[in-house]
Amino acid sequence: MFKVLQNDTLAPNVHRMVIHAPRIAKARKPGQFVIVHPEADGERIPLTIGDADPQAGTITLFIQAVGASTLKIVTTPAGGSLRDIAGPLGKPTEIEKWGRVACVGGGLGTAVLYPLAKALAEAGNEVTTIIGGRAKPYIILADELAAFSTDVLVATEDGSLGQQGFVTNVLKDLIDNPDTRPNAVFAIGPVPMMRAVAELTRPYGIKTIVSLNPIMIDGTGMCGGCRVKVGDETKFACVDGPEFDGHLVDFGLLMDRLSMYRDTEAKIMAELPEELRDKIIKVKR
Amino acid sequence: MKKNLTPKERMAIERVKMPEQDPQRRIGNFEEVNQGLTEEQAIREAQRCLLCKSRPCIAGCPVRVRIPDFIAALAEGNLPEAARILLADNTLPAVCGRVCPQETQCEQVCVRGAKGAPVAVGYLERFVADWALAHPDKLPKEELPESTGKKVAIVGSGPAGLTMAGELARKGHGVTLFEALHDTGGVLRYGIPEFRLPKRIVDTEVARLQALGVEIECNVVVGKTVTLDELRQEFDAVFIGNGAGLPVMLNIEGENLKGVYSANEYLTRVNLMAAWRNDHPTPIIHGKRVAVIGGGNTAMDAVRTSKRLGADRSIIVYRRTEAEMPARLEEVHHAKEEGIEFILLAAPLEILGDENGWVKGLLCQRMQLGEPDASGRRRPVAIEGETFELEVDVVVNAIGTRANPLLTATAPDLRLNKWGNIETDENGATNLPGVFAGGDIVRGGATVILAMGDGKSAAVAIDSFLKQKN
């Protein structure tokens, strides 16, 4: 059992949880994830590790309730516990000295981006962070990211905070200005957003790294359910990723495979009590 | 009951038939197919053993169970004694009695088999093991030797690791089992379906090890959560039995369509994650027409599972003929009874998809047998131009597994062969002092009992290593 020490709500349905997991806290590097299995009969949910404190033996996870099992996780209060957490899994981010980089986060992806942006800044990169969301309440971690970013730029679909529009509009402005054009872009968020970023940077030849979150079971390369097409090769996101070259990822296939269980998910959702159903966000994948 | 039967009387007894769930009924549930012998049937079957002097069955058993001895006790109706003998030799008899390929091991060499059918050793093992599980109070209390103060880490709680744990705990060593998944048993839990090996059997066998003082820590992915080096610093010896957890992909067009599974994923969803139960949230595609590619036990497990998930047609597609199939005879026989179709001498060429990315068919190549290959089996050769299409909505790839590199990738000094399997000597010792390995990580995809045999022989080697270490 893994004890939940803290559970805060950052945005509607977005939780930051601090969990006691000493082995994982000690081994974890930025970019890696865990698999959380909240209860005996639950699903195994892959979640990127937001932060870790090896001394305290804790990890921080950012979670959005998108289905029955993620709902079970976020409704576990401080003092409660989660049955299983396995990790750290996947390859750590390759932190290089790029010079100027842009880190682009959409929705919950901003939380996944946070440890990566921090590590890039610590390695001496000049980090410009772009955060996107539906509206002001969904813009998370702006202050935390500002602590090490040269600039934090915000885009909301309804214009309630920052520039109205998408993160790609903001990124395009950066690229078009030779004084701000990044040498590398890190984009983490909903698949359509990552695809749009990759398409934007492709003609400029700017290296673009994305972090993929396909359907997964064991997270150790055993089942192959998380396979993604990268260039001509089939890769397992759990062991070969989760980060890949955005210009090589087949995003269409990724989106298609993410829809594999849509009918089952809808059925499970329909069976949930209404008050719980309202807590779940429909995420655009 | 008469105790001293003459050989002639023993020869006159016919081999028992295992009571089975009716095929039509069992394809609608996940309950065990084999129902187990009654005590009367078991004793009668035990009396078929001639108690021969040569005892070839013992050498035929990878864990060297003293088969004639436990059978002799059973024949006399002395169940506690039969159980004592069996449990002393085999850590997981209720598992072996269900999943071992006896027809190529103990029963193949049974003297009784030279004339007629061999003694049903597997059925008897299962009967005695089940009796022992049901009557723990009638078993002699196990007395553990004094603690040696030595600590051994076991990586993987599958058949090799569980066997190792039992053997070492009984020698007084401290044992910690590390399991990557959230529950114990390895392939016994995620791979072998409920209808062949009920999970309560695995639970009970694991509980028995815990009663011996074996510590179990789940959710530890060695190579990720901790490295082999860290384990070597913390423990006096390490045994690696983490299995062959990496599916071999088909590498054909259409493999990433929705509805295509590796057998590992398909079976894990159903077995470990209980996707077959309506009250569990794990989803699985309930195919109406399912093709399973391969001819081993895993393929049989997957295809019979698909039937139980409601498929109208469940089809094995195998590139050789039935004679070359690696699956146990009983599995093939049970599959046929359940209406599984076998399309032999056929290899997949392409998985066909519809406009929405779902599987709609499997394009196959007709094959014929050519010259024998390195394995001694006749090599399948394509018959030019002869292809056909199967209309299916789920395809399961059960062609095999390879060594999972997670652990070995973080242990650069550990010697591997060209396929990524760990190299060991005949006692399971690797090139690193105090590090031993066994089961599928050494052999590639093999069987439960061979993994257990590795666990047992490596336990002897570890015990003597620990004694020398004093």
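Good morning. The structure is a predicted model, in which local features need pLDDT of at least 70 and side-chain atom pairs count only at pLDDT 80 or more, while totals for chains, interfaces and linings use all residues. Residues are numbered from 1 along each chain as its sequence is written, chains are lettered from A and ligands numbered from 1 in the order in which they are written, and side-chain values use heavy atoms, with hydrogens and water left out.

I begin with confidence. The term pLDDT is the predictor's confidence in each residue, from 0 to 100. Chain A has a mean pLDDT of 90, and 94% of its residues reach 70 or more. Over residues 281–285 of chain A, however, pLDDT stays under 50.

I turn now to the interface. How many residues does the contact take from chain A and from chain B? With contact meaning heavy atoms within 4.5 Å, there are 42 residues from chain A and 42 residues from chain B. The size of an interface is often given as the accessible area lost when the parts come together. Here the buried area is about 3,400 Å², and carbon and sulfur atoms give 56% of that area; buried area is the accessible area (1.4 Å probe) that two parts lose on being put together, summed over both.

Next come the charged pairs. Side chains of opposite charge can pair when their charged atoms come close. A salt bridge is a side-chain nitrogen of Lys or Arg within 4 Å of a carboxyl oxygen of Asp or Glu. By this rule there are 39 salt bridges over all chains, and three salt bridges lie across the interface of chain A and chain B. In one salt bridge, K26(A) pairs with E230(B), with the closest N and O atoms 3.6 Å apart.

Which elements give two or more residues to the side of chain A that touches chain B? They are α1 (22–27), β7 (84–89), β14 (227–230), β15 (233–236), α8 (251–258) and α9 (262–271) of chain A; such helices (H or I, at least four residues) and strands (E, at least two) are DSSP runs, numbered from the N terminus. With six residues, β7(A) gives the most to this side.

K172(A) and D176(A) form a salt bridge, the closest N and O atoms being 2.9 Å apart. Because these two residues are four apart in helix α5 (residues 167–176) of chain A, about one helical turn separates K172(A) from D176(A). K172(A) is partly exposed at 34% relative accessibility, and D176(A) is partly exposed at 41%. On this scale buried means under 20% relative accessible area, exposed over 50%, and partly exposed in between (1.4 Å probe, protein chains only).

Finally, chain B. E338(B) and R308(B) meet in a salt bridge (2.9 Å, N to O). E338(B) lies in the loop between α15 (329–337) and β9 (341–343) of chain B and R308(B) in helix α14 (residues 297–308), so the pair ties together parts 30 residues apart in sequence. Salt bridges that share partners join both residues into one network, which includes R26(B), R196(B) and D301(B).

Thank you for your attention.
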